[in-house]
Amino acid sequence: MNLAERDQHIIWHPYTQMKTAALPVPIVRGEGALLFSEDGKTYIDAVASWWVNLHGHAHPYIAEKVAEQLRTLEHVIFAGFTHEPAVTFAERLLQILPAGQSRIFYSDNGSTAVEVAIKMAIQYWNNLDTPKKKIIAFRDSYHGDTFGAMSVSARSAFTAPFWPFLFEVEFIDVPTAGKEEESIKQLEKLAAQGDIAAFIYEPLVLGTGGMIMYKPEVLDKLMAICQQHGILNIADEVMTGFGRTGRTFATDYLQQKPDMVCLSKGLTGGTMALGATSCNEKIYEAFLHDDRSKTLFHGHSYTANPVACAAGLASLDLLLQPETQESINHIAQRHAAFAASIKDLPQVLEVRQQGTILAIEFYDGATSYFSDLRDTLYSFGLDNGVILRPLGNIIYVIPPYCITDAQLDQVYQTLKGMQEIVAGKRQHPRPDSIMLHD
Ligand SMILES: *Cc1c(COP(=O)(O)O)cnc(C)c1O
């Protein structure tokens, strides 16, 4: 049996209908933006391995720092103990995070970073003896797969079996072009009712919701309304953080400052699982008390894992190099030029771009996550040596910053091929199996 067949006997993959899924692609090695499979094929990782990879695969500098840390201290309990990588990483994160953030709480993935923020927000009001019951979120949002994170996410097909178990959340429309006033009105109405603990949002780009984009000006207005009503602002920068939107954080486009920020994905450059929730001093102080019941009783076995923090520090070194910043600008410029070149093609409903994130929304009559188009486009990408995972009829590119011009050309060429398939100008065999991933 080869690797994929052995896998198929014993592994249960994420976001995968195991009954009908094609065999997984066995990857044996990565380098830069490329992944190499067991059967000798080469793939461009145009989705940065679920949006985590910033500097390319198996980066030698990160590998060296991780190896060094492994030989020094692999892990230590983080209650009652501390270590150099956690402290230095927190210091350096606070230097680049939006002004006002003053504390770092570590966890180990994006969903837990969100859970921690939600728990901080709810307990903040409890600790002040003014408990509040509700959280506001965007209708199409995605904040993770654990129960709290699911609760503040869209009521979508992903979470349908769990709806009765999710806590109630007030949803407002995403303020995309033309919908700004409506979204602001909805928030104002809710805010006036009182009883709202926090507003959680993906700043500027809603990732899993379909790379939905909106302007910083309207987010500033929403955040200002929240601030006036004492509602805590929680920025979920799990996807948008670390250069994705063209600046270090999407929040860097804003005037308003959040009370909390959730980080993961690019936090370690895609090397290790790590999450972090930062907060301002106002939140932190509400937990300082002689009464022990005011403590934030939350923690994970691998909280602030030293190897993960070492990877984060190394990734940050690379991110802050002028060369990387130039690459981010360069990718953004190339994306913009490509977007302009295809926006008027048939079946292209909309092209959206923010920094290194490019999304094309195709019109195929049925805009469903479960549409056949998704599987056809996904296989077409793989056949052309490019990993692109459509969100239904929306195809997006989120590349590692080290992607070369030639590799970007190949990605754009593949996207053009996809457009031809959608427009019916090119035949592509229907995949013999249906793959449901996000
Ligand atoms: C991916 C994602 C999460 C969840 O992160 P995981 O590490 O997959 O649990 C949360 N929020 C946003 C905006 C995300 O894109």
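I started with the second largest pocket, which holds about 940 Å³ of space. I took a pocket as an open set of points on a 1 Å grid over the protein atoms alone, where a 1.4 Å probe fits, with protein on both sides within 12 Å along at least five of seven lines; lining residues have an atom within 4 Å of a point. The volume is the space filled by probe spheres set on the points, with grid points joined across faces, edges and corners.

I noted that the model is predicted, so local features need pLDDT of at least 70 and side-chain atom pairs count only at pLDDT 80 or more, while totals for chains, interfaces and linings use all residues. Numbering runs from 1 along each chain as its sequence is written, and side-chain values use heavy atoms, with hydrogens and water left out.

I listed 41 lining residues, and the closest to the pocket centre are Asp 140, Gly 209, Gly 210, Ile 212 and Ile 394. The elements giving two or more residues to this lining are β9 (212-213) and β13 (348-354); β13 gives the largest share, 5 residues. Strands here are DSSP runs of E, at least two residues, and helices are runs of H or I, at least four, numbered from the N terminus. By class I have 17 nonpolar, 15 polar and 9 charged residues in the lining. Asp, Glu, Lys and Arg count as charged, Ala, Val, Leu, Ile, Met, Phe, Trp, Tyr, Cys and Pro as nonpolar, and the others, Gly among them, as polar.

Annotated sites. I looked up the unreviewed UniProt entry, which places "binding site" at Trp 50, Tyr 142, Lys 265, Gly 299 and Arg 389. These positions span 340 residues of sequence and lie up to 33.0 Å apart between C-alpha atoms. Tyr 142 from this set is in the lining of the second largest pocket. Such annotations may be inferred rather than shown by experiment.

Tyr 142. I found Tyr 142 in the loop between β5 (134-138) and α6 (147-151). Its side chain makes a polar contact of 2.7 Å with that of Asp 145 (a pair of N or O atoms within 3.5 Å, one able to donate a hydrogen and the other to accept it; residues adjacent in sequence count only if both atoms are side-chain atoms).

The unreviewed UniProt entry gives Lys 265 as "modified residue: N6-(pyridoxal phosphate)lysine". I place Lys 265 in the loop between β11 (260-263) and β12 (275-280). Beyond four places in sequence, Lys 265 is in contact (heavy atoms within 4.5 Å) with Trp 50, Trp 51, Val 52, Val 238, Met 239 and Gly 270.

Arg 389. Is Arg 389 buried or exposed? I have Arg 389 as buried, at a relative accessible area of 10%, under the 20% limit; exposed is over 50% and partly exposed in between, with a 1.4 Å probe and protein chains only.
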